[in-house]
Each structure stands twice: as structure tokens, then as C-alpha cells.
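Here are some notes for a first look at this structure. Please keep the model open while reading.

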Amino acid sequence: MAVGKIGKQAVVIGAGMAGLAAAGAIADHFENVLVLERDRLTNQAMPRSGAPQSRQLHVLVQGGQRALTDLFPHFEQDLLNAGAVPLRMPGELRFEIPRLGSFPSRDFGWLLYGASRPLVELITRRQAARLANLSIRSQCRVLEITASLDGTMVTGVRFESAAGRQEILAADLVVDASGRGAPTLGLLRSSGQPVPDEIVIGVDLHYTTTTFVMPEDAPTDWKAIATHPQAPERSRGGYMVPNEGNRWVLTLTGRLGERPPSEPDGFMDYARGLETQTIYNAIKHAERQGGFERYANPVSVWRRFDRLNSFPEGLLPIGDSICRFNPIYGQGMSVAAQEARLLKQLLDGRATKSDPLAGLAAAFFSESLALVEAPWNMAAVPDMIYPETRGERPADFEDRLKYDGALMRVAMNDASVHRLLAEVQQLLKPPSVLQDPDVDRLVQRELFQMAAE
Ligand SMILES: Cc1cc2nc3c(=O)[nH]c(=O)nc-3n(C[C@H](O)[C@H](O)[C@H](O)COP(=O)(O)OP(=O)(O)OC[C@H]3O[C@@H](n4cnc5c(N)ncnc54)[C@H](O)[C@@H]3O)c2cc1C
């Protein structure tokens, strides 16, 4: 093995956002990193069947953008050069909240990039592919993770190549970025080891997405827009973001039986039925491009690997394999990138140990907990507003709901609280920063006022 390396070979299952970020994160520490992807990958920003969500609107929030730029220093510039649309944040994102109106247009000095999911992935793939010791093989489906007889020590993977041949590849580390975590769960089950508990929130969310040519008379006071529903009475939401190619991508959402239509008249009617007319007015004369893409997201799932007492050595699940968030909050790609950055930090810190991979999974699960828990909890409260949402409500649910409502009202009027709230929502800071005594005083005053109204 080359001097200074932790291992000879690492294998990453899946070339989605988690797999690419993880491959970049570990590349310094292995002689070779091989990413195996079941789909055929091209050099174009195209949706693909292995990541069916790639036809839907995706937003990369600040926390993920920064993590990807930390892993791949040219990421942001290359995304911009490829046509992503810069948006001043949060000022150019019109954020419409029922009963409160839209947030004042403030500028915190951050840029968000409007880009399709296939473009974000292609740019990330190009960054990864530039690393000399990293290769990506497409049309290779991993059939199983191989391990010692008792399953506690991973030895590599067995996969089927594009030619239909089965191959076995030895690896010091296997990263499962397959999205559903099936290879990891398969190994645990087949070797009689405990599988993680799952926390499930039944959100029953439906998306319909289409694109429009951005008209010449597009509004100038916003570039992207989120129109939130008046919950729990209604669940219709609208989210529109400019993407590369001078187009708007519009996703209409509904929950719990309400499904945005996928034919032109029904779609436009649904848009007209949002809480405000802002989106409808913007698109009513715009030229639609392409068809309607539907996506159903019945549940959010968090696999509690962090609660297992033992886990096979040489194996690490990451990204959606650990937690599939409710997509409406735009967290999954960013959490995956932040997990990958954490993995790099852990390997950097362990590189000089005699057995750097021993206990890696336990350290990763414990340290990545905060990266998952914060966005999960942030999503759980608004999801639970709907009484039909399945899952365990937090004990202090009603109080949290009221508190969050008051916090939102404070943020409307106070730029520094707005900034703090946006930093938490954009996964730049932990929610604990909102427990600042000055913020709490303002929120308590607002709660008092709300009770009097
Ligand atoms: C409708 C929708 C909208 C979303 N919107 C946003 C958003 O706005 N912002 C955001 O940050 N996130 C969003 N997400 C979440 C985001 O897409 C994922 O969280 C993120 O891409 C990380 O996924 P992943 O790489 O872990 O898994 P995936 O994207 O599922 O990738 C897994 C990859 O592994 C491959 N694979 C699977 N099994 C095998 C195998 N056996 N062998 C080889 N390859 C295999 C698959 O083909 C695929 O390429 C959204 C999700 C959905 C469903």
C-alpha cells in the first residue's frame, strides 16, 4: 500500500449526489476509489431512471453548496459557468406565507444557484472524475456486499458489469450511497445482524412539475418563489425556480389525497388555486416546455444506524441510505454533502492511527447525528400540522408550533432574527442558535401579543 494511505481500494455504491460527494471525500486516503453505478451515465445533464427524482425541482441550499465547494473547490464556479442562475439570498427568493405575506427582500450576501438536479449532479460528477485515483463505472449493479462468514468484516462487493458478467472486487471500505440502503440491509439480514430501527413520517406528498420558457416580462422583484399553503386547512403549494436554459421549473404540491393534476388545464387551475396569484400571474402567458412529471413521496424515513450496538467494519451507509427527508424542504443533497465532508474530516483525523478504519462507522454515525437530526426535526413540525400525517408527534408539538409561528413573525420585522432563521433553514447553523436569549425575548413578546389578538 502506498505510504500515507489508509487502504488500497474503496468502493462507493451509487453515483448520485451522496456517492459522488463521498467518493471525493475519501479519495485522498485510498490508492483507488471506484464508484459503481447501475445507470448508464452520459456527459449530459439528463434525468436518469436510477434517480427518478431527477425530473423534479431541486434546490441546493447554502449548507450543501458550501460542503460541496469544500470537497470540490471548483464546484460553484463550474456550476455557474454551466448556466446555473445566481439568486441573491434571501432577497430574490419570494417567500410567501399565509396570513403573514411575503418576507421583506433582504440581502445576506449569499448566492443560491438555480440549476436542475441533472446539472448539479453532472457538475459534481465532473469534479469527482478529475481526481486521478477515482473512477466511475456506469452500468454496474452491485448485487451484494461481501463479508467474513459472520458478516462483521466487509471484504468488498459482488457486482454485475455492463457486459452482464459478475465480478467480485475486494475493498477496504465500501460506502453504500445506493439511496435505499438495500445492499447494507441485505448484508445485515443475511448475516443475522440487527438492522436499524426506522422512524417514519407518513407525509403522503405529491409533486407535479413542468417547465416554462421564462417570459420577457418576468417579474423583476423576484427570481424564485415559494408559495406555502395555509395548513392544515389546505395543502396546495407552489415552488418555482429559474434553471439553466432560461426556464422556470414549477412544482405544484399537494398532500394527503390532494394531487396536482398532470394535464394543462387542471395544472393551471391548480396554480390559480394557490394561496396567492403570484405564480399563476407569472406563468399564465408563459410558454410551457415539455410535459408534466409526477412524483409521489409517501413517507420520510430515518434509519437509526446511530442506535445500533455493532456494525460491520469496512462499511458505511451515507445520504438517503440513512435518511430520506421530505423533499419539499430541499435538504437531502445538502445533508449528503455535509455527511461526506464529515467523513473526510474523520479520515483526515484517523489517517495516522494504526487501524484507521476500526470504529469508523460508529464515529460517523455519532458525529453525523446532528447533521440529520436538525433538518429532520425542522421538517417534522410543519409536516405534523396535518392531523392525518402518520408518525409520532413530539410531546411539545403544540408549543413548538406556536413558538415557530411567533418566530416567523419576529423574523419578518427583525433583519437579524431573519438572518439567523435563514442560516438555520439553509443548514448553515444548528437550530440551537435560535435559543439565544435576545431572540427568545422577542419571541415571547410576540407570543404574548398573539394570545391577545
Ligand atoms: C421529489 C424529490 C425532490 C427533491 N428535491 C430536493 C431538493 O430540492 N433539494 C435537495 O437537497 N434534495 C432534494 N431531494 C433529495 C435528493 O434527491 C437526495 O436526498 C440526494 O440526491 C441524495 O441522494 P443519494 O445520493 O443518497 O441517493 P440517490 O439519489 O437515490 O442515488 C442513489 C444512486 O445509487 C444508484 N444505485 C442504487 N442501487 C445500486 C446498486 N445496487 N448498484 C449500483 N448503483 C446503485 C442509483 O442508480 C442512484 O444513482 C429530493 C428528492 C425527491 C424524491
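1. Start at the ligand. A polar side-chain atom of aspartate 320 lies 2.6 Å from an oxygen atom of the ligand. Alanine 18 uses a backbone N or O atom instead, 3.0 Å from a ligand oxygen atom.

2. Which residues come nearest to the ligand? They are Glu37, Arg48, Val59, Arg117 and Asp320, out of 32 residues around the ligand. A residue counts as near if one of its heavy atoms lies within 4 Å.

3. A word on the basis. This is a predicted model, where local features need pLDDT of at least 70, side-chain atom pairs count only at pLDDT 80 or more, and totals for chains, interfaces and linings use all residues. Residues are numbered from 1 along each chain as its sequence is written, and side-chain values use heavy atoms, with hydrogens and water left out.

4. Now the domains. Domain 1 covers 7–81 + 117–197 + 303–377, domain 2 covers 87–109 + 200–299, and domain 3 covers 394–452. These bounds come from an automatic or database domain assignment. The C-alpha centres of domain 1 and domain 3 lie 34 Å apart. Their contact (heavy atoms within 4.5 Å) takes eleven residues from domain 1 and five from domain 3.

5. How much area do domain 1 and domain 3 bury between them? The value is about 620 Å², with 66% of it on carbon and sulfur atoms. Buried area is the accessible area (1.4 Å probe) that two parts lose on being put together, summed over both. On the domain 1 side, Val61, Gln62 and Ala374 lose the most area to domain 3, together 45% of what that side buries.

6. Across this interface of domain 1 and domain 3, three residue pairs are in polar contact, both residues at pLDDT 80 or more. α2 (62–71), α8 (332–350) and α9 (360–384) each supply at least two residues of the domain 1 side. Helices (H or I, at least four residues) and strands (E, at least two) are DSSP runs, numbered from the N terminus.

7. Check the backbone too. Methionine 89 and proline 90 are joined by a cis peptide bond, omega about -5 degrees. Proline 90 lies in strand β3 (residues 85–90). Aspartate 204, not a glycine, has a positive phi of about 45 degrees. Aspartate 204 sits in strand β12 (residues 198–213).

Conventions:
Polar contact = N/O pair within 3.5 Å; in protein donor to acceptor, adjacent residues only side chain to side chain.
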